[in-house]
Amino acid sequence: MGLLRGRIVAVQGANSIISGHEGFGLKPKEDDEQDKEEDTNTDLGDYNQRQRKQISDFNSGSIFKVTMDPTHPLGYGYNNNYFSLKLDSDAFAYLEDGWNVGVAKENAHVSGFIGNNAKQKLEDTLVFGAEQMGQGSVIYMIDNPLFRGFWHSGKLLFGNAIFMVGQ
């Protein structure tokens, strides 16, 4: 991957494909130890509670307050906050060797239905990030800022990703 000379802009589901692969700094957020223990135990819960249990991991579309770094070229034109539409519960850890330009911090959920487990999973996660790769860069957009024209301000973010100078 050291030969990259352009820019990769990974939007929404594309991030899951490249996450964890060699050369990319994007990694899935690790689950808590408690969640891992629950997964290993056999669930003998009541049948009538199955939907309630499944929906706790569900996010059909909710709005999160994203803390932005307006000093980074990807964040130019924004204040310290951006409201993002999250359509799933894919959660990624902060970048270690890149710029965490937009992050969802604790209590970032603003509106819309989201299951309790999904809500907790999405706290303290990367939403928009950038990293240098070779002579180019990779832009991670975990949420799609252009989804159905939901927010007009997403156009600026996408434009910044395509035309930004430097890292």
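"Buried" here means under 20% relative accessible area, "exposed" means over 50%, and "partly exposed" is in between (1.4 Å probe, protein chains only). With that in hand, some notes on the structure.

1. Ground rules. This is a predicted model, where local features need pLDDT of at least 70, side-chain atom pairs count only at pLDDT 80 or more, and totals for chains, interfaces and linings use all residues. Residues are numbered from 1 along each chain as its sequence is written, and side-chain values use heavy atoms, with hydrogens and water left out.

2. (Helices, H or I with at least four residues, and strands, E with at least two, are DSSP runs numbered from the N terminus.)

3. A nonpolar core is a set of buried Ala, Val, Leu, Ile, Met, Phe, Trp, Tyr and Cys residues joined through side-chain atoms within 4.5 Å. The largest one has 21 residues, and Met68, Leu74, Tyr82, Phe128, Ile139, Met141 and Leu157 have the most contacts inside it. At least two residues each come from β2 (62-68), β4 (99-104), β6 (125-133), β7 (136-141) and α5 (154-163). A second, separate core of 11 residues includes Ile18, Leu126, Met133 and Val138.

4. Contact means heavy atoms within 4.5 Å.

5. β2 and its partners. Five of the seven residues of β2 are buried, so the strand is largely enclosed by the rest of the structure. Strands count as paired if DSSP finds at least two bridges between them. β2 runs antiparallel to β3 (residues 81-86) over six bridges, with Thr67 opposite Asn81. Two bridges join β2 to β4, also antiparallel, and there Thr67 has Val103 as its bridge partner. β5 (residues 109-111) is antiparallel to β2 as well, through two bridges, and Phe64 partners His109.

6. β7, covered on both faces. Six of the six residues of β7 are buried. Gly136, Val138 and Tyr140 point one way, and Ser137, Ile139 and Met141 the other. β1 (residues 7-11) runs parallel to β7 over five bridges, with Ile8 opposite Val138. β6 pairs with β7 in the antiparallel sense over six bridges. Their hairpin has two residues between the strands, and Gly134 takes a positive phi near 60 degrees.

7. Beyond its neighbours within four places in sequence, Ser60 is in contact with Leu87 and Phe113. Phe58, in that loop too, is partly exposed at 42% relative accessible area.
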